[in-house]
Amino acid sequence: MTRPLTQILDESVRRFVPVFVVLVLVVVGILRMPYAFIADITMMLPVVVILFWSLRQPSVMPMVAVFLIGLVDDALRGNPLGFNALLLILAAGFVRSQRRHLAERGWSAQLGVIASAAVFYEVCRWALVGILSTSPDFLDAIFRITLVVALFVPISWLLSRVHRGLLKPA
Amino acid sequence: MRHQSGSVSQRFARPIKQWSQRFAFLGLVAIAIAMIALSEANSTLASRLRAQVVDAFTPVLGAVSQPVETAAGWVNAVASASSLRDENNKLRAEIERLRTARIEEARLSAENQSLRGLLGAKPHVKGRHIVARVLADPSRGFVRSMLIDTGRANGVRRGLAVVNTDGLVGRITEVGNSAARALLITDINSRIAVRIERTRERAIVAGDNSPSPKLIYLSNETTVRNGDRIVTSGHDGVFPPGLPVGVVIAAGSETVRVRPFVTWRRVDFVRIIDFKPTGLVPQSAAARKGVR
């Protein structure tokens, strides 16, 4: 039985919402904020949201989309092209690889995976910055890891509602 | 026939799909690494690609940045409400100081013009100024830069100096049609020829992604001290001479550092200077001397 065109379009648009949300967050992440801590938070939001969808429903955050989002972020920030794209696909790949271990586990296990992914992201970032320049900042890395874990709690609560309301489970 | 062609396409499509799913991750990692290497090897191509993406997002950035700046203004207004009286007193004192300074400045300017007239010296700073608004400030990341809403269409070119009322902000490194990127003086790739205003000693301000760039290539007999003003020397041909850069801090330590005059959070508008140095001898006269 063929589905009506409107239903197909509706499903396609809904499935594109997470990618669109991350793109919006990438743009917001480079805007000038009144305080430095707000700029730090907005900079890490795309990472948190990508990790969330990679954990909950990878089909709405395909690797190609993650790669392209990373490229857009690199272009807007002036990074070497591929810099953040590489970090994001490594972190998203890490989270996806842990999904099968989370089948029977609770929310704390998910948070543990996200924290590990944040550490993995920062270690890779640190290595890449060290190769491309000479000044990776250890304290900055620790701060960003803490920020990702802290942001995951409210973001996952918010996006869980989006997940239920907008997207059908895979 | 249709059934056969359907099954033939399925025979090819399914393995390709399985193969692509299995190797998508590795393929994307390889592509990303290749792109990083290409960006480092051919920065011109990478700059052009980045400029095109920035051009595409400029309308969105312009539209979204306005309400964010308005909201930031409200936040600052609320936050500063409690200190209005103190700020008022400080501003009154500053106005008095500036009134006195303006009288002295007018006297010095008149004296300067008179002396230049006597010497027949040409003004050595000539150029066009382009005012631009700061669209975005992605300086929390790897590269210290800011995006401005003016590009090639308004005559912006790579290498032009970017200043604001406080001092030197940076220089243009990427230009799109409607937007451009300014590399800040704090970026690790930034090098500026400067001199210490008090001693006229030449040096280089080198960014290292920290808030206070280093002052390097000082002579062994340097007498630099904390509080010395650093201005551009103009010897690099990029920045006009005399632009305020910052003030020396940590002069006695192993690495002398400069605190920029610019307050990065408050850079809303900048001026791009299309600097055309005239020199003491016109180009045609120099060429004639060379031919003889």
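User: In this predicted model, what describes the packing of helix α2 (residues 36-56) of chain A and helix α4 (residues 83-98) of chain A?

Analyst: The two helices of chain A pack at an angle of about 30°, and their axes lie 8 Å apart. These are the two quantities that describe a pair of packed helices, the angle between the axes and the distance between them. The crossing of α2(A) and α4(A) is right-handed.

User: Which residues make the contact, and how do they divide into nonpolar, polar and charged?

Analyst: From α2(A) come A:V47, A:I50, A:L51, A:S54 and A:L55, while α4(A) brings A:L88, A:A91, A:A92, A:V95 and A:R96. Of these residues, 8 are nonpolar, 1 is polar and 1 is charged.

User: What makes up the largest nonpolar core?

Analyst: The largest nonpolar core has 70 residues, and those with the most contacts inside it are A:M44, A:I50, A:L51, A:M61, A:L76 and B:L61. Helix α2(A) gives the most to this core, with 12 residues. Apart from it lies another core, of 40 residues, which includes B:I148 and B:V256.

User: Why does the radius of gyration of chain A agree with that of a compact globule?

Analyst: For 170 residues the globule rule gives a radius near 15 Å, and chain A has 17 Å, which is therefore taken to agree.

User: How many helices and strands are there in chain A?

Analyst: Chain A has 6 helices and 0 strands, and buried residues, those under 20% relative accessible area, make up 52% of its 170 residues.

Key
Residues are numbered from 1 along each chain as its sequence is written. Chains are lettered from A and ligands numbered from 1 in the order in which they are written. This is a predicted model: local features need pLDDT of at least 70, side-chain atom pairs count only at pLDDT 80 or more; totals for chains, interfaces and linings use all residues. Side-chain values use heavy atoms; hydrogens and water are left out. Axes are lines fitted to C-alpha atoms, for helices over the stretch in contact, and angles run from 0 to 180 degrees between N-to-C directions. Helices (H or I, at least four residues) and strands (E, at least two) are DSSP runs, numbered from the N terminus. A crossing is left-handed if the near helix is turned anticlockwise from the far one by less than a right angle, and right-handed if clockwise. Contact means heavy atoms within 4.5 Å. Ala, Val, Leu, Ile, Met, Phe, Trp, Tyr, Cys and Pro count as nonpolar, Asp, Glu, Lys and Arg as charged, and the others, Gly among them, as polar. A nonpolar core is a set of buried Ala, Val, Leu, Ile, Met, Phe, Trp, Tyr and Cys residues joined through side-chain atoms within 4.5 Å. Buried means under 20% relative accessible area, exposed over 50%, partly exposed in between (1.4 Å probe, protein chains only). The radius of gyration is taken over C-alpha atoms; the globule rule is 2.2 Å times the number of residues to the power 0.38.
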